[in-house]
Amino acid sequence: MFNSLPELLKSKLLQYFKRLHIKSLDKKLGKVDSSKICLEVGAGFKRRTGWICSDNLLRAEVILDVRSDWRIYNKCDFIYSEMMIASLNKQELFLFLKNSYLALKSGGTLRINTVNLKKYAELYLSENELE
């Protein structure tokens, strides 16, 4: 149904959902009872006890598009991503790493699990695009 909508309307709806869910993530971060705030990025529909699970899918617990500004600063103790960075280009990878850095508290941990981390580390350090 969403794919049959005109492009302009799709664009406006996606902008609305992004603003709405940035607010819901901020609200969810404010309600976390534990002393440690753990965010999983690219979780799909998974739910993990003690974690805020996010994805860019409309039915995810919290919608968070890693290709846009998260507007989360110094709130997370742990950020985890599994098999998500393989879908990012170089600019999106830089933005994901920047947003993760800004979202982490001092001494926080970012853990990235992917099939070929060496490839992405080399990409991060190089001037080339993904091959």
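1. Cys76 stands opposite Leu104 in strand 5. In this predicted model, strand 4 (residues 76–82) and strand 5 (residues 104–113) run parallel and are joined by six bridges. Two strands are taken to pair if DSSP finds at least two bridges between them. Helices (H or I, at least four residues) and strands (E, at least two) are DSSP runs, numbered from the N terminus.

2. The model being predicted, local features need pLDDT of at least 70 and side-chain atom pairs count only at pLDDT 80 or more, whereas totals for chains, interfaces and linings use all residues.

3. The protein has three helices and five strands, which follow the pattern α-β-β-β-β-α-β-α along the sequence. The five strands form an open sheet with parallel pairing, in the order 3-2-1-4-5. Strand 3 and strand 5 are its edge strands, each pairing on one side only. In general, strands of a sheet pair through backbone hydrogen bonds, either parallel or antiparallel.

4. Strand 1 (38–41) pairs with strand 4 in the parallel sense over four bridges, and Leu39 has Ile79 of strand 4 as its bridge partner. Strand 1 is also parallel to strand 2 (residues 52–55), to which three bridges join it; here Glu40 stands opposite Cys53. How are the side chains of strand 1 directed? Cys38 and Glu40 point one way and Leu39 and Val41 the other, and all are buried. Buried denotes under 20% relative accessible area, exposed over 50%, and partly exposed the range in between (1.4 Å probe, protein chains only).

5. Which residues touch the most other members of the largest nonpolar core? Among its 20 residues, they are Leu39, Val41, Trp70, Ile79 and Phe96. Strand 1, strand 4, helix 2 and helix 3 each supply at least two residues, and helix 2 gives the most, with three. A nonpolar core is a set of buried Ala, Val, Leu, Ile, Met, Phe, Trp, Tyr and Cys residues joined through side-chain atoms within 4.5 Å.

6. Asn99 is found in helix 2 (residues 90–103). Asn99 counts as buried because its relative accessible area is 2%. Apart from neighbours within four places in sequence, Asn99 is in contact (heavy atoms within 4.5 Å) with Val66, Ser68, Asp69 and Trp70.

7. The count of salt bridges comes to two, a salt bridge being a side-chain nitrogen of Lys or Arg within 4 Å of a carboxyl oxygen of Asp or Glu. Asp77 forms one with Lys105, the closest N and O atoms being 3.4 Å apart. This pair links distant parts of the chain, with Asp77 in strand 4 and Lys105 in strand 5, 28 residues apart. Asp77 is buried at 12% relative accessibility, while Lys105 is partly exposed at 26%.

8. The other salt bridge joins Arg67 to Asp65, with the closest N and O atoms 3.0 Å apart. Arg67 is partly exposed, with a relative accessible area of 42%, whereas Asp65 is buried at 12%.

9. On the surface, Tyr73, Tyr101 and Leu102 form a nonpolar patch with about 360 Å² of accessible area together. Patches are made of residues with over 30% relative accessible area and no salt bridge; like charges are joined within 9 Å, and nonpolar side chains (Val, Leu, Ile, Met, Phe, Trp, Tyr) within 5 Å. Tyr73 lies in the loop between strand 3 (62–63) and strand 4 and is partly exposed at 47% relative accessibility.

10. Asn116 is placed in the loop between strand 5 and helix 3 (117–125) and counts as partly exposed at 36% relative accessibility. Asn116 and Ala86 are 30 residues apart in sequence, with their C-alpha atoms 8.4 Å apart in space.

11. As to overall values, 34% of the 131 residues count as buried. Of the contacts with a separation of 6 or more, 59% are between residues 24 or more positions apart.

Conventions. Residues are numbered from 1 along each chain as its sequence is written. Side-chain values use heavy atoms; hydrogens and water are left out. Accessible areas come from the Shrake-Rupley method with a 1.4 Å probe; for residues, only the protein chains shown count as cover.
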